[in-house]
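Visitor: I'd like to learn how to read a model like this one, feature by feature. Could you walk me through it?

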Amino acid sequence: MLNLLWILLGGYAVGILLPFCLSRRSNAQSLPASTPAIVATSAGVVLGLLGLTSSEPVTGSLTSTLPLLTFAIRIDPLTAFFLLTISLAGLAASIYAIGYMRHFDGRASVSTLGALFNGFLCSMTLVVLADNGFFFLIAWELMSLLSYFLVVTEHEKAEVRYAGLFYLIMTHVGTAFIILTFFIFFQEGGSFAFEAFRYPEHPLPEGMKTIAFLMALIGFGTKAGIVPLHVWLPYAHPAAPSHISALMSGVMIKIAIYALIRVYFDFLGGQFPWWWGFVVLVIGAVSALLGVMYALMEHDLKSLLAYHSVENIGIILLGIGAGMIFQTYGLKEFATLGLLAGLYHTINHAMFKALLFLGAGSLLYATHTRNMEEYGGLLRRMPWTGACFLIGAVSIAALPPTNGFVSEWLVFQSLFLSFHIPDTFLKLILPLAAAMLALTGALALACFVKAFGISFLALPRSTHARQAEEVPIPMRIGMALLAAVCVGLGLGPMVVVPLLNRVVAPFTGVSIEGQVLALDGWALATVNVEFASLSPPILALLLGGLSVLGLGIVAACGGLVRKRYYKTWGCGINLTPRMEYTATGFVQPIKRVFSSIYQPTVKLETEFLQESQYFAKRRRFEFHVEPVFQRYLYDPVVAFVTALAGRLRVIQAGSLHLYLAYIFVTLIVLLLFAV
Amino acid sequence: MLDAFALIVMQTAVLLVVAPLIVGLIRKVKARLQCRRGASVFQPYADLVKLLRKQPVVSSTTSWIFTATPYILFASTLAAGLLVPVFISRTPLSLAGNIIALVYLLALGTFFLMLAGLDAGSSFGGMGSSREAIVASLTEPAMMLSIFAIALTAGSTNLSTIVHKTALLQGIVTDPSPHLMAFAALVIVAIAETGRVPVDNPATHLELTMIHEAMILEYSGRYLALVEWAAGLKLLVFLTLIVNVSAPWGIATSMEPAALGIGLAAYLVKVSGLAVFIGLLESMFAKLRLFRVTDLLGTAFILALLGLIFFYVLRG
């Protein structure tokens with residue numbers, strides 16, 4: 001396994017350096033970056049699978065000259081699981097990049113992008129490998145900075161610069177909280193080694209534990225994009241090149257989930273009061289619902305996908321929160337189930353979100369726009385991209401028998417098992433969270449009907465869409481790989497769940513390996529087979545078989561008469577794309593029903609013909625959704641900081657003498673203290 | 001194994017045959033209440049056969065989604081039906097998916113139908129899809145809560161277990177009010193999901209009011225036949241769910257032929273009874289404005305929530 005680790009890290013190192021050495025060759029520019037990345041991520045996939053199945057964690061370390069810092073790594077099942085997730089998404093993105101980088105010819109330095117891409121993947125890998133707090137923070141900061149550079153790839157655009165700045169500030173606020181969390185552990189543990197965090201010399205006082213819980217939630221939550229700390233995410237993720245967006249939305253936010261589980265269940269030992277789980281659960285439910293609601297109003301395909309990341313982080317946290325509540329009440333089997341459901345959704349979301357972002361990238365590549373209102377009819381022009389995007393859409397809408405459905409089913413089940421909790425308040429809250437999840441699921445379905453239907457179906461709405469062509473083969477392979485993984489994760493939960501059980505069981509203390517399978521291993525069960533079971537392969541077979549039955553009935557009854565093609569009825573005139581339902585129109589009822597959340601502003605200006613007031617010459621329609629969080633939460637803070645900075649400018653007069661005086665005064669004050 | 005297979009085939013056949021009959025029955029009840037003689041209850045069969053034989057016209061702007069959707073819709077609805085105990089409480093496929101799987105299988109069909117509505121490119125289809133999206137979204141929370149309230153009493157979300165336990169009078173609470181509230185919610189949900197009055201009107205082709213009919217406006221021939229059949233099946237699945245979960249009396253609890261016969265007869269009686277009730281409801285109410293549907297579905301949600309609270313309060 002150590003050899004694989006060397007291949008993994010070496011691959012990334014080569015991938016960072018090689019693009020600069022070979023940047024002169026113009027006609028295979030992306031290969032020097034992609035090839036090492038493919039090797040490294042493949043090694044990562046194998047290493048992750050080995051780590052998931054091996055019984056003993058693998059450790060290794062290099063000491064450094066700095067005190068407190070050792071480059072220690074440790075691969076336990078949790079690390080291995082996230083390593084696998086990163087590497088799978090990274091593999092697809094690397095293959096995809098071979099074709100996609102042509103999009104940046106002459107617009108950005110392909111070699112720099114390639115090196116940053118490798119560095120970004122490497123830093124994420126190091127974060128999950130790290131077994132030392134200091135090392136973790138360094139890797140974390142690298143990950144944040146490298147992703148910032150990737151976000152501002154197209155820095156000539158003002159909105160990209162804004163997105164980058166917003167991201168940079170938010171991520172550093174988050175990092176500050178993470179540093180504070182680690183300092184709390186350091187204080188009692190006496191060392192930055194994770195081993196000392198786990199088993200501190202003096203146990204943490206309860207108050208400190210609570211502070212650590214909250215700090216970690218804010219710090220890692222900022223990266224994960226929980227409401228209300230999500231505001232940067234819909235700006236930053238879409239601004240990056242699409243294969244980077246896929247990694248940021250698919251993988252990077254999951255690293256925060258990794259860290260949360262590490263802190264709560266590993267460092268804090270899985271001992272917490274009930275309200276911790278409750279807070280996580282509520283944040284999860286709110287993030288899920290608001291995420292999907294804002295996604296519905298987006299017509300920029302990549303922003304829409306970014307908001308869905310907020311939603312899915314919410315779903316993951318619902319599973320984890322339920323697990324934490326069960327853990328408090330000693331219902332450890334259910335705690336295992338809840339945590340497992342959260343982790344299953346983590347890898348599922350990583351796969352289908354990466355797939356969808358790659359699909360969005362393909363649309364951008366083919367049409368040069370991200371605005372859904374300019375797409376249309378693309379399924380006929382780009383059948384491969386369309387089919388892959390459809391698989392992603394069906395998965396994220398949680399429809400059987402795909403992977404998204406299986407993990408949402410598990411989350412539902414763990415919420416439904418709440419009737420075992422002895423507390424009546426929580427007994428009612430968990431089903432309510434399930435109801436919110438149901439609403440979230442249904443709205444996500446509506447959103448992906450919109451995303452797929454408006455983009456890929458009917459007539460093209462612009463010349464760009466009319467002239468679109470299928471993307472190059474490497475891009476198709478990248479998408480097809482993820483689509484295949486999605487299908488596999490959906491059909492084979494009976495294999496995945498026991499593996500995830502190995503990840504979770506050490507933290508909750510109870511393994512449910514013997515209780516999660518039914519029907520000779522063909523079906524998945526919750527802890528109690530009588531309570532619930534699900535068999536995706538049987539459902540898939542059933543769907544296939546019954547479709548054939550449908551075909552058979554048709555053939556038997558009428559024979560397959562040749563169908564006739566004719567234009568769509570357009571009320572007597574020829575159908576044009578302007579008659580089609582737009583994305584804005586599609587979500588209008590939803591906007592109206594939930595107007596208290598959206599607080600939309602609609603502006604309709606009509607210019608009439610001079611001859612008559614009854615004939616409109618031109619109409620202008622404008623519609624905005626109120627960015628509530630930005631307006632009421634962030635703007636006041638920004639205004640306060642700006643005002644404070646304005647006041648502080650007084651002492652920064654620009655005079656050298658004054659600055660020397662400051663230094664002098666400071667010195668005297670320090671001397672006074674020293675005495 | 002062979003028994004199980006025979007049961008699956010039998011259940012498929014029963015569902016396929018009964019579905020058009022229920023549609024015909026509801027139409028007949030409505031016609032009689034409007035002092036019309038109405039078409040025969042077997043008319044839907046004749047419609048299906050005729051549609052299956054006709055040459056379909058397909059819009060030239062559509063993609064493969066449009067022609068694949070009827071098959072997907074048909075298969076997913078029928079698959080959902082196979083998860084529900086119809087005439088025997090231990091239905092063989094019940095372990096393949098519980099009640100949540102059923103809800104999401106139906107959602108799979110809706111997803112593709114909404115896509116097909118958009119595919120032809122006419123405003124009608126898009127309008128239907130858009131409206132279906134809001135109705136489907138709002139029914140979901142009420143459905144999930146009522147399902148949970150029902151599952152609580154039986155201690156299971158597996159439909160067979162729920163039905164089996166209720167049929168053998170196991171785990172019946174002394175006070176049925178939580179159950180009743182959950183059922184009222186489920187009836188509202190069923191009406192909304194299957195596009196009946198007062199949420200949608202299956203008999204209209206007026207653009208201001210239609211939802212389901214707008215989505216399927218471009219379908220013809222065999223595709224329309226499958227879509228119509230699937231719509232009937234969906235209605236039947238919900239009716240079956242309601243009658244067999246609330247009143248599984250007469251349902252076969254063993255594999256004996258006599259028990260199966262009684263189960264089938266009891267099923268037909270119960271489902272027809274409920275269909276007549278739906279027909280009455282449809283005649284008594286006018287269709288609601290689209291944005292008033294929210295209130296109706298909100299009521300369903302509150303009812304289900306009250307059922308849940310009552311359950312815990314009564315149990316202490």
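Guide: Let's begin with A:Q599, which is partly exposed, with 13 other C-beta atoms within 10 Å. The scale behind that word counts the other C-beta atoms within 10 Å of a residue's own, placed from the backbone: buried at 20 or more, exposed at 12 or fewer, partly exposed in between. This is a predicted model, where local features need pLDDT of at least 70 and side-chain atom pairs count only at pLDDT 80 or more, while totals for chains, interfaces and linings use all residues. Residues are numbered from 1 along each chain as its sequence is written, and chains are lettered from A and ligands numbered from 1 in the order in which they are written.

Visitor: Where is A:Q599 placed? And what is its phi?

Guide: A:Q599 sits in the loop between α24 (595–598) and β7 (601–608) of chain A. Helices (H or I, at least four residues) and strands (E, at least two) are DSSP runs, numbered from the N terminus. As for the backbone, A:Q599 is not a glycine, yet its phi is positive, at about 45°.

Visitor: How should I read α15(A) itself: is it mostly covered or open?

Guide: Mostly covered, with 10 of its 14 residues buried. Among the buried ones are A:F389, A:I391, A:V394 and A:I396, along with A:G386 and A:G392. Their packing partners in chain A are α12 (301–328), α13 (332–367), α14 (378–381), α16, α17 (424–456) and α19 (473–491); contact here is a C-beta to C-beta distance within 7 Å, again with atoms placed from the backbone. For length, take 1.5 Å times one less than the number of residues as the expected span. α15(A) reaches 20 Å from its first C-alpha to its last, close to the 20 Å expected.

Visitor: And a pair of helices? At what angle do α3 (77–100) and α4 (110–129) of chain A pack?

Guide: About 170°, with the axes 9 Å apart. Axes are lines fitted to C-alpha atoms, for helices over the stretch in contact, and angles run from 0 to 180 degrees between N-to-C directions. Under 35 degrees counts as roughly parallel, over 145 as roughly antiparallel, 65 to 115 as roughly perpendicular, and the rest as oblique. α3(A) and α4(A) are therefore roughly antiparallel. On the α3(A) side the contact includes A:F82, A:L83 and A:I86, and on the α4(A) side A:F117, A:L121 and A:M124 are among the residues they meet. That contact divides into 9 nonpolar, 3 polar and no charged residues. Ala, Val, Leu, Ile, Met, Phe, Trp, Tyr, Cys and Pro count as nonpolar, Asp, Glu, Lys and Arg as charged, and the others, Gly among them, as polar.

Visitor: On to strands. How do they pair?

Guide: Strands of a sheet pair through backbone hydrogen bonds, either parallel or antiparallel. Two strands count as paired if DSSP finds at least two bridges between them. In chain A, β3-β4-β5 is the order of an open sheet of 3 strands with antiparallel pairing. Its edge strands, β3 (517–518) and β5 (533–534), each pair on one side only. β3(A) and β4 (523–525) share 2 bridges, and A:A518 has A:A523 in β4(A) as its bridge partner.

Visitor: What about β7(A): which strand does it pair with?

Guide: β8(A), in the antiparallel sense over 8 bridges; A:V602 is bridged to A:F623 there. Of the 9 residues of β8 (616–624), the number buried is 0, so this strand lies largely in the open.

Visitor: How many bridges join β6 (564–566) of chain A to β1(B)?

Guide: There are 3, and the two strands run parallel. A:R564 stands opposite B:V57. The whole contact between the chains takes 69 residues from chain B and 72 from chain A. On the chain B side, α5(B) gives the largest share, 18 residues, and the side divides into 43 nonpolar, 20 polar and 6 charged.

Visitor: Last one: where are the cis peptide bonds?

Guide: One joins A:V227 and A:P228, with omega about 5°; A:P228 is in the loop between α8 (206–224) and α9 (233–239) of chain A. Another runs from B:V197 to B:P198, with omega near 5°, and B:P198 lies in the loop between α7 (177–193) and α8 (212–215) of chain B.

Terms used. Contact = placed C-beta atoms within 7 Å.
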